[in-house]
Amino acid sequence: MSTEIVTRLKALKLHGMAANWPELLAHCRHAALEPEALVDQLLKAEGAERQVRS
C-alpha cells in the first residue's frame, strides 16, 4: 500500500510528498498524529521541495 501511494504521488509530480511519505507515516503511527497534522507535514515537505527546485 505504501509503495502504491508513493508511486501515485510521483505520478502527480508531488515529489516532496513522495520522498517524505515513509518517514511521516512511521512517525504518524508512533506518535498518534492526527490526520490534519499528517497532511500539514506533507504539504510543508512539498513546499520545501518546490522551493529547492526553483
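Modeller: Before we start, pLDDT is the predictor's confidence in each residue, from 0 to 100. You'll need that here, as this is a predicted model.

Biologist: OK. What is the mean pLDDT of the protein chain?

Modeller: The mean is 90. Of the chain's residues, 98% reach 70 or more.

Biologist: And which element has the lowest mean pLDDT, and which the highest?

Modeller: Helix α2 has the lowest, at 88. Helix α1 has the highest, at 93.

Biologist: Why care about low values?

Modeller: Where pLDDT is low, the predicted coordinates should not be read in detail.

Biologist: Let's do packing. At what angle do α1 and α2 pack?

Modeller: About 160 degrees. Their axes are 7 Å apart. Here α1 covers residues 2-11 and α2 covers residues 15-31.

Biologist: Roughly parallel or roughly antiparallel?

Modeller: Roughly antiparallel, because the angle between α1 and α2 is over 145 degrees.

Biologist: Is the crossing left-handed or right-handed?

Modeller: Right-handed, as α1 passes α2.

Biologist: Which residues make the contact?

Modeller: From α1, you have Ser 2, Ile 5, Val 6, Leu 9 and Lys 10. From α2, there are His 15, Met 17, Ala 18, Trp 21, Pro 22 and Leu 25.

Biologist: How many of those are nonpolar, polar or charged?

Modeller: Eight residues in the α1 contact with α2 are nonpolar. Two are polar and one is charged.

Biologist: Back to Lys 10. What does Lys 10 touch, leaving out residues up to four places away in sequence?

Modeller: His 15 and Ala 18. Lys 10 itself is found in helix α1.

Biologist: How far apart are Lys 10 and Gln 41?

Modeller: In space, 17 Å, C-alpha to C-alpha. In sequence, Lys 10 and Gln 41 are 31 residues apart.

Biologist: New topic. Where does Lys 13 lie?

Modeller: In the loop between α1 and α2. Lys 13 counts as exposed because its relative accessibility is 60%.

Biologist: What about the phi of Lys 13?

Modeller: Positive, about 60 degrees, although Lys 13 is not a glycine. Most residues other than glycine have a negative phi.

Biologist: Last one, a real glycine. Where does Gly 47 lie?

Modeller: In helix α3, residues 35-53. At 35% relative accessibility, Gly 47 counts as partly exposed.

Biologist: And how far is Gly 47 from Arg 8?

Modeller: Gly 47 and Arg 8 are 18 Å apart in space, C-alpha to C-alpha. Along the sequence, 39 residues separate Gly 47 and Arg 8.

Methods. Residues are numbered from 1 along each chain as its sequence is written. This is a predicted model: local features need pLDDT of at least 70, side-chain atom pairs count only at pLDDT 80 or more; totals for chains, interfaces and linings use all residues. Side-chain values use heavy atoms; hydrogens and water are left out. Axes are lines fitted to C-alpha atoms, for helices over the stretch in contact, and angles run from 0 to 180 degrees between N-to-C directions. Helices (H or I, at least four residues) and strands (E, at least two) are DSSP runs, numbered from the N terminus. Angles under 35 degrees count as roughly parallel, over 145 as roughly antiparallel, 65 to 115 as roughly perpendicular and the rest as oblique. A crossing is left-handed if the near helix is turned anticlockwise from the far one by less than a right angle, and right-handed if clockwise. Contact means heavy atoms within 4.5 Å. Ala, Val, Leu, Ile, Met, Phe, Trp, Tyr, Cys and Pro count as nonpolar, Asp, Glu, Lys and Arg as charged, and the others, Gly among them, as polar. Buried means under 20% relative accessible area, exposed over 50%, partly exposed in between (1.4 Å probe, protein chains only).
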